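Please look through the sequence and the structure below.

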Amino acid sequence: MQLDEFGCYRSLEPAGVLPQNSWKLDNTPEPRPGEKLVSVEVLNVDASSFHQMRSQAQQESRRVEEIVWETVRTRGKLHNPVTGSGGMLLGSLPDGQRIATLVSLTLTPLQLEAIHRVDDRRDRIFVSGQAILFPRTLYCPLPADISEGAALAVLDVAGAPAHAAKLSKQARNVLLVGAGKAGLLTASAVRRENPPARLLAVDARKENLDRMARLGLCDWSRVMDARQPLEAFRAVSETTAGQLADLTFNLVDQPETEGASILATRDGGTVCFFSMATSFARAALTAEGVARDLTLLIGSGYRPGWTDYALGLLRDDPRLRECFEADYGD
């Protein structure tokens, strides 16, 4: 068997493809040359996948644990066949170093021994098991000055604020569709890199918007269902005197929110989709259908220096750090 740094040799169905594209991986917990074995303790499931599994469990009178077991047993990884997403993990290397992976569980060979507890509020599953990291698999040692839970929450969405720091420097009106943990960090990055920018936020949960306002991270907010594009368009148009957003970040975990992001963004503007519920086809065809000349970006979780930047936002803002420790800390 010819090994490669990307892990294609562990793809079983179909053979030889990149692990993320594989239906089934070889999850044998015996590291091959260049691989690392991780003792897994927490699966930090992405919000889209967790909510889908919870809904499925309720409809089928099952437990989320059963769906997770079935997925990992069938696919050799936690790769939700409905949402196409996974999450990340927390665990330890053989030398005892505590780490969080920075790549998706959809491409990480995983074998479970036990599922101990499901944390519905934080989308986490506490387990015993082993995972394999490929030579190109990114991971981050957990910081000593931030609790593991809070650090895991930050690292899970660290790509969003790093990209926001790059994209927002010239924007006047920045719209956040979604005000959860990714929204908080994205807003914090915009505040740091472009203080004069006006930050707008919409979310279905009033408590998320209230929290963002208390932290001084938005100038205008509206409770709304982002699956209602006309409502978003009218609200953002009204508050910007028809200018709309120069830059929009879609950070929600619900499908069919592409239209609201597109309609609320001006011609010549940019929409960056970080949600795993995003449909590229729906976004592209919607922009075409409403004659919007936009730059549509699919946000990647990777950017050089992205983890240090995101953790630095907490270190530099005591109120933001207190919020993450209270909501996601151990």
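## Briefing on the predicted model

D156 counts as partly exposed, at 23% relative accessibility; buried means under 20% relative accessible area, exposed over 50%, and partly exposed in between (1.4 Å probe, protein chains only). The model is predicted, so local features need pLDDT of at least 70 and side-chain atom pairs count only at pLDDT 80 or more, while totals for chains, interfaces and linings use all residues. Residues are numbered from 1 along each chain as its sequence is written, and side-chain values use heavy atoms, with hydrogens and water left out.

**Salt bridges**

- The structure holds 20 salt bridges, a salt bridge being a side-chain nitrogen of Lys or Arg within 4 Å of a carboxyl oxygen of Asp or Glu.
- D156 forms one of them with K181, and the closest N and O atoms are 3.0 Å apart.
- This pair links distant parts of the chain, with D156 in helix α3 and K181 in helix α5 (residues 181-193), 25 residues apart. Helices (H or I, at least four residues) and strands (E, at least two) are DSSP runs, numbered from the N terminus.
- K181 is buried, with a relative accessible area of 17%.
- Salt bridges that share partners join R10, D26, R32 and E35 into one network.
- D145 and R315 also form a salt bridge, their closest N and O atoms being 2.8 Å apart.
- D145 lies in the loop between β8 (139-141) and α3 (148-156) and R315 in helix α10 (residues 306-316), so the pair ties together parts that are 170 residues apart in sequence.
- D145 is partly exposed at 36% relative accessible area, and R315 is partly exposed at 38%.
- R62 and E70 meet through their side chains in a salt bridge of 2.9 Å, N to O. R62 is partly exposed at 22%, and E70 is partly exposed at 36%.

**Nonpolar cores**

- In soluble globular proteins, nonpolar side chains tend to be buried together.
- A nonpolar core is a set of buried Ala, Val, Leu, Ile, Met, Phe, Trp, Tyr and Cys residues joined through side-chain atoms within 4.5 Å.
- The largest nonpolar core has 53 residues, of which V174, L176, M212, F249, L320 and F324 touch the most other members.
- A second, separate core of 24 residues includes L43, V72, I115 and A131.

**Helix α7**

- Helix α7 spans residues 229-239, and A232, A235, V236, S237 and T239 in this helix are buried.
- The buried residues of α7 pack against the strands β9 (173-177), β10 (198-203), β11 (220-223) and β12 (245-250), and against α8 (258-263).
- A241 follows α7 and has a positive phi, near 55°.

**The second largest pocket**

- About 220 Å³ of space lies in the second largest pocket. On a 1 Å grid over the protein atoms alone, a cavity is a set of points where a 1.4 Å probe fits but cannot get out, and a pocket is an open set with protein on both sides within 12 Å along at least five of seven lines; lining residues have an atom within 4 Å of a point.
- Its lining includes F6, P19, V103 and R136.

**G268**

- G268 is in strand β13 (residues 265-273) and is partly exposed at 47% relative accessibility.
- G268 touches D293 and L294, not counting residues up to four places away in sequence; contact means heavy atoms within 4.5 Å.
- The C-alpha atoms of G268 and W306 are separated by 27 Å, and the two residues are 38 apart along the chain.

How values were computed: Points joined across faces, edges and corners; volume = space filled by probe spheres on them.
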